[in-house]
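Biologist: Could you walk me through this structure, one feature at a time? I would like to learn how to read it.

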Amino acid sequence: MNGKNIVLGITGGIAAYKAPALVRELTAAGADVQVVTSRGAGHFVGKAALQAVSGRPVRDDLWDEAAEAAMGHIELARWADIVLVAPATANFMANAAAGSTGDLLTTIVLATEAPVVLAPAMNQQMWQHPATQRNLETLISDGVTVLGPASGEQACGENGPGRMLQPEEIAQALANLTSADRALANRHVVITAGPTVEAIDPVRFLSNHSSGKQGYALAQACIEAGARVTLISGPVTVTAPSGANLVSVTSAQSMLEAAQRAITDADVFIGVAAVADYRVDTPASQKLKRSGGDSTLTLSLVENPDIIATLAKTTSAERTTLFVGFAAETNDVLKHAREKRIRKGLDMIVVNDVGRSDIGFGSDINVVTVIDDAGEVNLGPDDKLNLSREIARLIGTKLGSA
Ligand SMILES: Cc1cc2nc3c(=O)[nH]c(=O)nc-3n(C[C@H](O)[C@H](O)[C@H](O)COP(=O)(O)O)c2cc1C
C-alpha cells in the first residue's frame, strides 16, 4: 500500500477502540491515512490517539470552515485512493445504502470515485436483521466491498456474526484489494464447499467432518483478487464472505445440479466440497424404527456422481473453464493426487494430508501441495485464508498464461 491515500472512516461501534491499531497497520504498510470520524465514534476512541498515529488532524465536521478551507470534503473524496470504513455501524450502513449525506463521512462516501470498503461491526441480532441485510445487499450491488464480519463472542455477551475483523486482517485484505494486479479481476469463479448430506430417512443422514473453512476462505481470497464468486455450499456453521453469491445445497445430487447451472459462464471451477462418494439407494420415507433384539440394519449404498469429473468431462469440447480440484488424502498423498488430477481431467489439484491430526479438516491451519502440468508448489503451514490467497494467485497466473 506504499503511497496509497486512505480515508479511514470510523463510526460509533465498540470496535472503534481498535482503530488506532488499524491506523498503525495501514501506515506501517506505507499508506497515508486521513481519519474521518462520525459523531458516534467520538464516544469510543479519542482524537488525540488517532491524530498521533496517523500524523494528521482528525476530520469530523462537514461544517468546520478552517478544515474545509484547507482540504474540502470533495477534495478529500478525490484525494482518497480508497475509502475504508472500520468499524462500520448498522447506522452508517443504512445511511450509505440510502445515499444519505448527513455528515462528513457519508458525504465523502457518496462523492468519491475511489473504491469503498467496509468492515462492519455490530451486535449479531443487528447484523442479521433484514434491514441490515437489505442495506448490505444494496451496498454490494453499488460496488462496495465488505470485509467480514467475523462470527464469535461479542462485547455485548452474545455469540454470532457481527465482530469486526482484526486490524491486521483488514490491512491484509486492503493490501490485496489495492494490489495493482488483481489476479482474478472480472473472472467468475464457482466454488463448492463443505460436506454433502445424504438422507437415510427424514431425520438421519450420512455426512462427513468437512467444516467448509477452506472453501469459504478460498471464496474470500477470490473476491479479494477481483472475482465474482458463486459459492455452492453444503451445511456448515462458518459465515459466507460478504459479496459471495451463496447457493445452499444438501446432497451431492443437488450440489451437482447447482454447479451445472452456475458453470455456464464460469472462468474457474474449484471443487473444495467433501462430496459423499455414496448415498443411500432408497432413503426411507418414514423414520426408521428399532425392531428390537439383536437385529441388524443394512443400508444399501449407491455411488454418487463425481461432480468435478462430470463437469470437466461435459465441458471439455470447447473448454474455457479452468478446473481446480481439492484432494484430501491419508496415504501416498502426492501419488494419489497426481493420478487423480489426470483421471478427472483437472487443470490443477490442491492436495492436503488429512491423516495429520494438526491440520486440515476443521483446523484453521493447512499445508497443501498445488499440482499442475507445470510442476508442484508446496504451500504452508499457514492459515487457510493466506493459503487461499496464494492459490488464487496461482490460478490467476495459470488463467493469464492459458
Ligand atoms: C455502548 C454502545 C455500543 C455500541 N456499539 C455499536 C456497534 O458495535 N455497532 C453498531 O452498529 N452500533 C453500535 N451502537 C449504536 C451506535 O453507536 C448508534 O447507532 C450511533 O447512532 C451510530 O452512529 P454513527 O454510525 O454515526 O457512528 C452502540 C451504542 C452504544 C451506546
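Modeller: We will go through the ligand shell, the sheet, a helix, a hairpin and a loop residue. This is a predicted model, where local features need pLDDT of at least 70 and side-chain atom pairs count only at pLDDT 80 or more, while totals for chains, interfaces and linings use all residues. Residues are numbered from 1 along each chain as its sequence is written.

Biologist: Which of the 16 residues around the ligand come nearest?

Modeller: A residue is near a molecule if its C-beta atom, placed from the backbone, lies within 6 Å of it. Here G12, G13, S38, G40 and T89 come nearest. Helix α5 (residues 90-98) gives the largest share of the shell, 3 residues; helices (H or I, at least four residues) and strands (E, at least two) are DSSP runs, numbered from the N terminus. The shell holds 8 nonpolar, 7 polar and 1 charged residues, with Gly counted as polar.

Biologist: In what order do the 5 strands of the open sheet run?

Modeller: Strands of a sheet pair through backbone hydrogen bonds, either parallel or antiparallel. Two strands count as paired if DSSP finds at least two bridges between them. In this sheet the order is β2-β1-β3-β4-β5, with parallel pairing. β2 (32-37) and β5 (145-146) are the edge strands, each pairing on one side only. Strands β1 (residues 5-10) and β3 (residues 82-88) share 4 bridges, and G9 has V85 as its bridge partner in β3.

Biologist: Which residues of α9 are buried?

Modeller: Buried means 20 or more other C-beta atoms within 10 Å of a residue's own, exposed means 12 or fewer, and partly exposed lies in between, with C-beta atoms placed from the backbone. In α9 the buried ones are P167, I170, A171, A173 and L174. Seen down the axis, they fall within an arc of 165°, so they line one face of the helix; the arc is that of the directions from the helix axis to the C-beta atoms. They pack against α1 (19-28), β3, β4 (116-120) and α10 (213-224), where contact means C-beta atoms within 7 Å.

Biologist: What do β18 and β19 form?

Modeller: A hairpin, with 2 residues between the strands. Their pairing is antiparallel over 7 bridges, and V368 has L379 as its bridge partner in β19.

Biologist: Where is the place of T101?

Modeller: T101 sits in the loop between α5 and α6 (104-111). T101 counts as partly exposed because it has 17 C-beta neighbours inside 10 Å. Not counting residues up to four places away in sequence, T101 touches T106, T107 and L110.

Definitions and conventions:
Contact = placed C-beta atoms within 7 Å.
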